[in-house]
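Please open the model in your viewer and keep the selection tool at hand.

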Amino acid sequence: MQFNRYFPAAALGVAIASFGSAAHAGKTLDSVKEKDQLVCGVNTSAPGFSGADSKGQWHGLDVDLCRAVAAAVLGDANKVKYVPLNPPQRFTALQSGEIDVLSRNTTWSLTRDVSLGVVFTGINYYDGQGFMVPKKFNIAGAKQLKDAEICLQAGTTSEKNVADYFAAHGIPYKSVVFDSPEAAHTAFFGGRCQVISTDMSELAGIRTQSTKADDYAILPDVISKEPLGPAVRRGDDEWFSIVKWSLFAMQNAEEFGVTQANVDKIKAESKDPNIQRLLGTSEDMGKLLGLDKEWAYRIVKQVGNYGESFDRNMGEKSPLKLPRGVNNLWNNGGLMYAPPVR
């Protein structure tokens, strides 16, 4: 085949010259740099995902994603303003420009992905919806919840999932809906409802908030798929790529065994081309994102890899003590699979 028969030399030269060039800065990146601050929408209270401690410091898996983006873009993971949002507020806040990133244990679904003017940048937690009940009711499974009053959060996929599940099984129930997670939790623990239904991870977090956690059981039934992840406004491809690759950098770092503790040593000594590209000691991959070459190095140094974030927020080192399960890396029996940095 004569390659230049189909691609004239002039056009081919333009294509080659443009490939690998620096990214054009999008308006969100420009705005974040001008403010010298990332504005991140988070949950008002979701143990493991986001929450503020007694000193006002935010922690959680979703918080770490915000910190990773700030480290990549602004050089400092602490340059984040956290905006607590309840479910009905979250997409409006993103659409209006009130926040730069929505990182609020939000389910990626077709409706949300194509009709709200937002786009999901990846999955940082694979979840599913379940039920929690007081042990005193001796309920073993969801099909025993006939005529139960179920606490739910407004503006979530939980409402529709519960409606679909009980309709499919012909089981009558009564939904009791609240605007905020805190209101739903308080109502459940106060006996306003016999059941609370939300993502399994959130149920584990809710249970830790009770002074009598052992009095409550999470049923084994999982009634939905809930792929959770951050989202950005549609139409700013450069910003979409930055947020997406900030998550991928954390996942790739775990795959290569690069941690907060050893990143400097590995950066100085590794001869692995994959690690060199990730940490910026060979090819400058940052320019493709409109960033400098050490963008991913700063993420690992200041925030850690994905496994470190999971362990301290969701796993054995956290109050939730959830197993990695499907949230393990692809080469360790899980679903977490990041594209390569090359």
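**A strand and its neighbours**

Begin with strands E9 (residues 149-153) and E11, which run parallel and are joined by two bridges; strands are DSSP runs of type E with at least two residues, helices are runs of H or I with at least four, and both are numbered from the N terminus. Two strands count as paired if DSSP finds at least two bridges between them. This is a predicted model, in which local features need pLDDT of at least 70, side-chain atom pairs count only at pLDDT 80 or more, and totals for chains, interfaces and linings use all residues. Residues are numbered from 1 along each chain as its sequence is written, and side-chain values use heavy atoms, without hydrogens and water.

Select Cys-151, which stands opposite Ile-196 in E11. Next select Met-132, which also stands opposite Ile-196. Strand E8 (residues 129-134) runs antiparallel to E11, with four bridges between them.

Is strand E11 buried or exposed? Five of the five residues of E11 (residues 195-199) are buried, so the strand is largely enclosed by the rest of the structure. Buried means under 20% relative accessible area, exposed over 50%, and partly exposed in between (1.4 Å probe, protein chains only).

**Salt bridges**

The structure holds 13 salt bridges, each a side-chain nitrogen of Lys or Arg within 4 Å of a carboxyl oxygen of Asp or Glu. Select Lys-79 and Asp-36, whose closest N and O atoms are 2.9 Å apart. This pair links distant parts of the chain, 43 residues apart.

Finally, select Lys-265 and Glu-269, which form a salt bridge at 3.0 Å, N to O. Both lie in helix H11 (residues 263-269), about one turn apart.
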